[in-house]
Amino acid sequence: MPRLVYVLNGPNLNLLGKRQPHIYGSETLADVEDACRALGKELDLEIRFHQSNREYEIIDWIHAAREQATGIVINPGAFTHTSVAILDALNTFNGTVIECHISNVHKRESFRHHSYMSLRADGVIAGFGTQGYLLSLRRVAKLADEKTG
Ligand code: CA2
């Protein structure tokens, strides 16, 4: 049976590929979703892919993941640097959490250097462009494989 993974995207990521390509690249979020689904098939992962500009929706998806998912890959956008509420939600989830940033946040403004999410994340990836989502999924799959032997 495929293992369920939530791929969650925060505010403004709906604009991926449409603005600031020098920072975030030219792929759209739909392209990223397609690539995640294709890799999911290969890795035997069922992908639930979501984006919202609203903090509560992201929290609700984390709560939904609690009941059923083996992992969460999350790019919380700017909520990374502000949201104790999303951190609290992630702390209720027992599976693997990978925090994924398209840009290298450490090469950018100092307010992007701190992440509330990193207090919970099992792994953090930044600066690999949209490839970071695929690497995150590979990590979730590997840890799930290791658990089931
Ligand atoms: O590098 C990342 O993935 C970020 O999580 C992206 C967030 C930013 O606030 C974080 O510091 C780092 C911003 C997402 C905005 O996405 C856009 C994409 C294209 C055009 C405009 C915004």
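This is a predicted model: local features need pLDDT of at least 70, side-chain atom pairs count only at pLDDT 80 or more; totals for chains, interfaces and linings use all residues.
Colleague: Shall we start with strand β1? Is it buried or exposed?

Modeller: Seven of the seven residues of β1, which spans residues 3–9, are buried, so the strand is largely enclosed by the rest of the structure.

Colleague: Which residues are on each side of it?

Modeller: Arg3, Val5, Val7 and Asn9 are on one side, and Leu4, Tyr6 and Leu8 are on the other. Both faces are covered, as all of these residues are buried.

Colleague: How many bridges does β1 form with β2, and in what sense do they pair?

Modeller: Seven bridges link β1 to β2 (residues 45–51), and the pairing is parallel. Leu8, for instance, stands opposite His50 in β2.

Colleague: And how many bridges are there to β3?

Modeller: There are five bridges between β1 and β3, the latter being residues 71–75, and these strands also run parallel. The partner of Val7 in β3 is Val73.

Colleague: Turning to the largest nonpolar core, which residues touch the most other members?

Modeller: Those are Ile47, Val73, Tyr133 and Leu137, in a core of 21 residues.

Colleague: Which elements supply it?

Modeller: At least two residues each come from β1, α2 (29–43), β2, β4 (96–101) and α5 (131–148). The largest share is that of α2, with five residues.

Colleague: What does Tyr133 touch, sequence neighbours aside?

Modeller: Beyond four places in sequence, Tyr133 is in contact with Val7, Asn9, Leu13, Val32, Cys36, Asn75, Cys100 and Ile102. Apart from the core already described there is another, of 19 residues, which includes Leu4, Ile59, Phe79 and Val97.

Colleague: A change of topic: where does Ile125 lie?

Modeller: Ile125 is in strand β5, residues 123–126. With a relative accessible area of 13%, Ile125 falls under the 20% limit and is therefore buried.

Colleague: What is in contact with Ile125?

Modeller: Setting aside neighbours within four places in sequence, the contacts of Ile125 are Glu99, Cys100, His101, Gly132, Leu135 and Ser136. Ile125 and Asn75 are 50 residues apart in sequence, with 9.7 Å between their C-alpha atoms.

Colleague: Finally, what volume does the largest pocket have?

Modeller: Its volume is about 380 Å³. Eighteen residues line this pocket, and the closest to its centre are Pro11, Asn12, Leu13, Tyr24 and Gly77.

Colleague: How many of the lining residues are nonpolar, polar or charged?

Modeller: The lining has eight nonpolar, seven polar and three charged residues.

How values were computed:
Residues are numbered from 1 along each chain as its sequence is written. Side-chain values use heavy atoms; hydrogens and water are left out. On a 1 Å grid over the protein atoms alone, a cavity is a set of points where a 1.4 Å probe fits but cannot get out, and a pocket is an open set with protein on both sides within 12 Å along at least five of seven lines; lining residues have an atom within 4 Å of a point. Grid points are joined across faces, edges and corners, and a volume is the space filled by probe spheres set on the points. Ala, Val, Leu, Ile, Met, Phe, Trp, Tyr, Cys and Pro count as nonpolar, Asp, Glu, Lys and Arg as charged, and the others, Gly among them, as polar. Buried means under 20% relative accessible area, exposed over 50%, partly exposed in between (1.4 Å probe, protein chains only). Helices (H or I, at least four residues) and strands (E, at least two) are DSSP runs, numbered from the N terminus. Two strands pair if DSSP finds at least two bridges between them. Contact means heavy atoms within 4.5 Å. A nonpolar core is a set of buried Ala, Val, Leu, Ile, Met, Phe, Trp, Tyr and Cys residues joined through side-chain atoms within 4.5 Å.
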